[in-house]
Protein chains: 2
Amino acid sequence: MARKQKREPLSQERIVTAALHVIDAVGLEAFTTRALGKKLGCEAMAIYNHFASKEELLDAVADRLMSKTELPMEGSWRDRARGLANSYRSLARVHPHAFPLLATRRGTLPSAYGMYDRVFAATMGEGLDAFSVACVFRALAQYCTGTALYEINTTAFYAEGGNAEIPPEVAASVPSLAKVAAYFTPAHFDALFHFGLESMLDGFERQLIRRAAEHA
Amino acid sequence: MARKQKREPLSQERIVTAALHVIDAVGLEAFTTRALGKKLGCEAMAIYNHFASKEELLDAVADRLMSKTELPMEGSWRDRARGLANSYRSLARVHPHAFPLLATRRGTLPSAYGMYDRVFAATMGEGLDAFSVACVFRALAQYCTGTALYEINTTAFYAEGGNAEIPPEVAASVPSLAKVAAYFTPAHFDALFHFGLESMLDGFERQLIRRAAEHA
DNA sequence: CAGGCCTTGTTTACACCGTAAACTCGTGTC
DNA sequence: GACACGAGTTTACGGTGTAAACAAGGCCTG
């Protein structure tokens, strides 16, 4: 009855999926080739038949991660930008341990070319020149990356039992800091993110108008 | 004649300084306690008389780094914000290998309290409430962090001989991406950074006006 | 069918990492 | 002089990425 019950063979697909699971479960630091081997039911070295190095595997994981962002195709470029930003940020919430891979390595792998092209084509279709699109896209991407990293670090800090409260006797000497820092907590993440995002979007419009005027 | 010529004793100061030098020279990956020991003229374990762990030492290095940012005290909050953003970004250019420490760990160590307090006090003195200051500061910090990381990664990528050019036959299938990606090179870093920065600053003003109107 | 390659995975081994534990040794105090 | 102490060294351990040699099955060609 029972079939030979060999495990299905390794493949880049299967390895990357398992790697992402392991990273999600134990964090980037504890993600080792041996741990991945255990998860896959093989020895660590077997992985090297499919990836040249751990580094290359991590590139593939980053690529997988990036491929999960969704680009909304309806609405103005402003609507789509907002949607893309939210989708990107939500990646960081679903995969907080893996997300830093995106911020730490050069992530534009060919698998994402299609998505980028659609984003840019749609935006240029609304009359923006390539340089303006580059400006807007990079600014947004960098803001979202910075925000995601901050939220991840801060969340982890509190999860580990960290306490960011400034002791009262110190707070008295830095009253402004104490008042402002009260908003640097996970409870205010959404509000802060949206403020920055809407500010940027507002600012883009004004900057683009200004630029158009200069070139006219 | 020749004095006993003992090396001056270790101290947190001296260790952090040396650590930053080593990181600048060889990168974060290759920064090991043994390498630091060699630079200091002692064994690796001697460091543990002054720091509980490598992690704690890296915190101190991050703190040292952060303490190098300068806050311009003249001008409107907008001028000061621009100055602070530029100073922060220039950190990343001077210490590209060490900078990721700031983005990766919770960086608000007490030594920076004073600077933050001055920044926030000055801004609140211009009529912004604490929540608005928090919004503006975090958005700026996150944008600058994201930008710095991107610039560092991209610069390193090209320095290692990487080539981001999309092969012509592929470019034909993603024409918009090809046009926009031409601006994702070090030559355009300054222009992209300033576009994003000025956009945010413009946007802040509009958002703050809107918020004031709602609360009036 | 035989025999040899080729792909896939295992085993073993190595250099290097952070750091615990035990040691050495110069110095300050009674 | 005895003695504690603190800085620095030595040694050792478990864990890391991965090179190298090996084993075993599938596939092609005779």
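The model is predicted: local features need pLDDT of at least 70, side-chain atom pairs count only at pLDDT 80 or more, and totals for chains, interfaces and linings use all residues. Residues are numbered from 1 along each chain as its sequence is written, with chains lettered from A and ligands numbered from 1 in the order in which they are written.

Select chains A and B. A rotation of 180° with 0.0 Å of shift along its axis puts chain B on chain A, at RMSD 0.1 Å (least squares on C-alpha atoms of residues with pLDDT of at least 70 in both). That is the relation of a two-fold axis. Both copies use the same surface: 100% of the contact residues of chain B recur in chain A.

Now show the interface. 46 residues of chain B are in contact with 46 residues of chain A (C-beta atoms, placed from the backbone, within 7 Å). On the chain B side, pick α6 (113-125), α7 (130-159), α9 (175-181) and α10 (189-215); each supplies at least two residues (helices are DSSP runs of H or I, at least four residues, numbered from the N terminus). α7(B) gives the largest share, 18 residues.

Move to DNA strand C. Of the 15 residues around it, A:C42, A:E43, A:M45, B:T32 and B:K54 come nearest (near: C-beta atom, placed from the backbone, within 6 Å).

Finish at DNA strand D. Of the 15 residues around it, select A:T32, A:K54, B:C42, B:E43 and B:M45, which come nearest. Here α2 (33-40) and α3 (54-66) of chain A each supply at least two residues.

Key. Contact = placed C-beta atoms within 7 Å.
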